[in-house]
Amino acid sequence: RLLIIDFGSQVTQLIARRLRELNVYCEIHPYQKVTAAFLKEFAPRAVIFSGGPDSVMRDGSPRPPKEVYDLGVPILGICYGQQVMMQDLGGRVEAGEHATAEFGRAWVTPSEKRDAMLDGWFLEEREQVWMSHGDHVAEIAPGFEVLGTSPGAPFAITADRERNFYAVQFHPEVHHTPNGKMIYENFVKLAGFAGDWTMAAYREEMIGKIRDQVGDAKVICALSGGVDSSVAAALLHEAIGENLTCVFVDHGLLRLNEADEVVSMFRDNMNLSVIHAQEQELFLGELDGVSDPETKRKIIGRLFIDVFQKYADGIEGAAFLAQGTLYPDVIESVSFSGGPSVTIKSHHNVGGLPEKMGLKLVEPLRELFKDEVRALGRELGLPESFIGRHPFPGPGLAIRCPGEITREKLEILRKADAVYIDQIRKHGLYDDIWQAFVAILPVRTVGVMGDGRTYDYACALRAVTSVDGMTADYYPFSHDFLGETATRIINEVKGINRCTYDITSKPPGTIEWE
Ligand code: XMP
């Protein structure tokens with residue numbers, strides 16, 4: 001196994017992800033934990049030093065134990081990790097000045113020397129990399145040579161080929177170093193990894209970790225039926241069986257048949273203990289007459305927490321709350337700038353609940369990215385209909401029903417949405433789309449059907465492509481598809497007599513209508 005020593009970089013998890021993509025098993029451990037004894041026990045086959053925010057020039061800045069250099073295994077240092085390695089092994093690092101600091105895109109030019117670490121690299125004359133450093137190496141350590149340079153980093157890639165120590169100033173793990181993966185690939189090859197680690201192994205490992213963390217304690221989990229909470233629940237169930245209880249909150253703002261599908265899937269097919277909290281009356285009652293989007297969101301968020309707490313209180317001896325937090329949620333919640341940002345929409349979740357209820361958190365998906373969660377879900381035997389699902393917002397149909405929410409409108413919306421999704425599936429487009437839904441508009445328009453006049457609701461179809469929901473573009477359906485879908489909705493759904501297609505991107509729009 002490979003050890004990643006974490007010096008606090010924002011992107012350390014991306015290193016792990018790159019390695020998992022190469023089917024190499026790795027563990028990230030914070031530098032404070034990595035002592036000589038730890039190294040001995042862990043017995044890594046290779047070590048990676050992550051980047052980090054500190055300066056090696058500062059006394060007391062993070063270091064690995066010196067013994068790491070005597071293990072006789074390959075080491076790769078990244079950014080701060082490079083500087084640590086250089087300083088530890090007798091090189092010199094200089095504090096940043098404007099001229100040598102580099103942030104963002106840079107180009108590395110190869111030296112004359114070729115090396116197995118750079119196989120597949122420098123296919124072009126120079127290679128784009130992502131830099132983010134103030135300090136830089138001014139003198140490399142004895143035994144090292146330079147394999148590549150950039151304008152701000154004369155020692156962009158350095159190597160002690162005798163000992164298989166490599167150190168780079170840039171971040172090969174990020175997306176903006178397009179060929180960065182090659183560096184990891186070459187490194188693990190050099191270290192002799194077979195590349196045969198799989199998601200099945202990860203599942204076993206996570207099950208072990210959950211058992212270690214939770215022991216015999218009881219765990220509660222808010223199950224929404226979305227990919228993340230579904231996979232988290234399935235994994236926990238494998239780990240602790242009966243000690244897991246899921247609460248599925250039905251706020252009356254779900255899609256057609258959704259509650260039944262989720263509850264029967266987990267309760268009947270997978271044998272989980274699921275409480276179906278039927279609180280439609282409570283939610284719809286409090287939302288009655290409310291049309292302001294933020295007020296809607298706040299009401300739903302507050303009630304959700306109240307309801308969840310009510311059911312959780314009924315579960316004797318619950319000590320943990322499980323959440324399907326993913327790695328991107330973790331990064332996003334760490335403020336990069338520290339500055340205040342504007343609330344566009346208040347998202348609802350169960351944040352704040354654990355402290356209030358005296359619960360500890362268990363977050364088994366914290367290290368994973370969405371596609372990895374999907375792979376894990378498949379591994380756990382969840383059906384594709386759950387794994388490939390489009391995201392669905394916590395406030396549900398409330399934010400797809402601009403203006404006042406009525407039961408009549410919700411009913412119409414559910415039917416129209418079901419027809420729309422059916423169309424998308426029938427045309428084989430579901431997986432090409434990030435999210436698709438119908439919004440029912442708060443206006444009635446005039447139409448003619450048969451020989452009669454109609455005066456019914458208009459609806460808007462929305463479908464977007466996106467990578468992470470942060471930005472999005474509308475999906476370019478064919479006119480035929482749109483025409484056919486509009487006809488079906490208007491014919492099959494009583495209460496709608498007009499259909500429009502929303503072609504707004506995000507920004508300036510948002511994905512949801514409210
Ligand atoms: P917007 O509308 O902000 O949505 O462009 C971005 C993504 O987030 C989802 N969304 C939510 N998810 N609770 C959630 O769990 C919420 O309150 C919420 N609001 C929006 C939205 O569906 C899209 O995928």
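Glycine 180 counts as buried in this predicted model, because 24 C-beta neighbours lie inside 10 Å of this residue, and a residue is classed as buried if 20 or more other C-beta atoms fall within that distance. The residue is found in helix α4, which spans residues 180-190. Leaving aside neighbours within four places in sequence, glycine 180 is in contact with Pro172, Glu173 and Val174.

Five strands, in the order β14-β13-β12-β15-β16, form an open sheet with parallel pairing. Its edges are β14 (273-278) and β16 (360-362), each of which pairs on one side only. On average, and with direction ignored, neighbouring strands of this sheet are turned by 30° against each other. Strands of a sheet pair through backbone hydrogen bonds, either parallel or antiparallel. Between strand β13 (residues 244-250) and β14, the pairing is parallel and extends over six bridges; within it, valine 247 has isoleucine 275 of β14 as its bridge partner.

Helices pack on this sheet. Helix α7 (residues 258-269) touches β13 and β14, and its direction makes about 160° with that of β14. Helix α9 (residues 293-313) touches β12 (218-222), β13, β14 and β15 (318-322), and its direction makes about 145° with that of β13.

A packing of two helices is found between α6 (residues 227-240) and α12 (residues 370-379), whose axes are 10 Å apart and meet at an angle of about 45°. The two helices are therefore oblique to each other, and their crossing is left-handed. On the side of α6, the contact is made by Val227, Asp228, Ser230, Val231 and Ala234, while α12 contributes Val373, Arg374, Leu376 and Gly377. By class, the residues of this contact divide into five nonpolar, two polar and two charged.

The antiparallel sense is seen in strands β17 (residues 435-449) and β18 (residues 452-465), which pair over 12 bridges. In this pairing, valine 446 stands opposite tyrosine 455 of β18. The two strands form a hairpin with two residues between them, and glycine 450, in the turn, has a positive phi of about 65°.

Technical notes:
Residues numbered from 1 in each chain as written. Predicted model: local features only at pLDDT ≥ 70, side-chain atom pairs only at ≥ 80, totals over all residues. Pairing = 2+ DSSP bridges. Helix = DSSP H or I, 4+ residues; strand = E, 2+ residues; numbered from the N terminus. Axes fitted to C-alpha atoms, helices over the stretch in contact; angles between N-to-C directions. Parallel < 35°, antiparallel > 145°, perpendicular 65-115°, else oblique. Left-handed = near helix turned anticlockwise from the far one by under 90°. Contact = placed C-beta atoms within 7 Å. Nonpolar A, V, L, I, M, F, W, Y, C, P; charged D, E, K, R; others polar. Buried ≥ 20, exposed ≤ 12 C-beta atoms within 10 Å, placed from the backbone.
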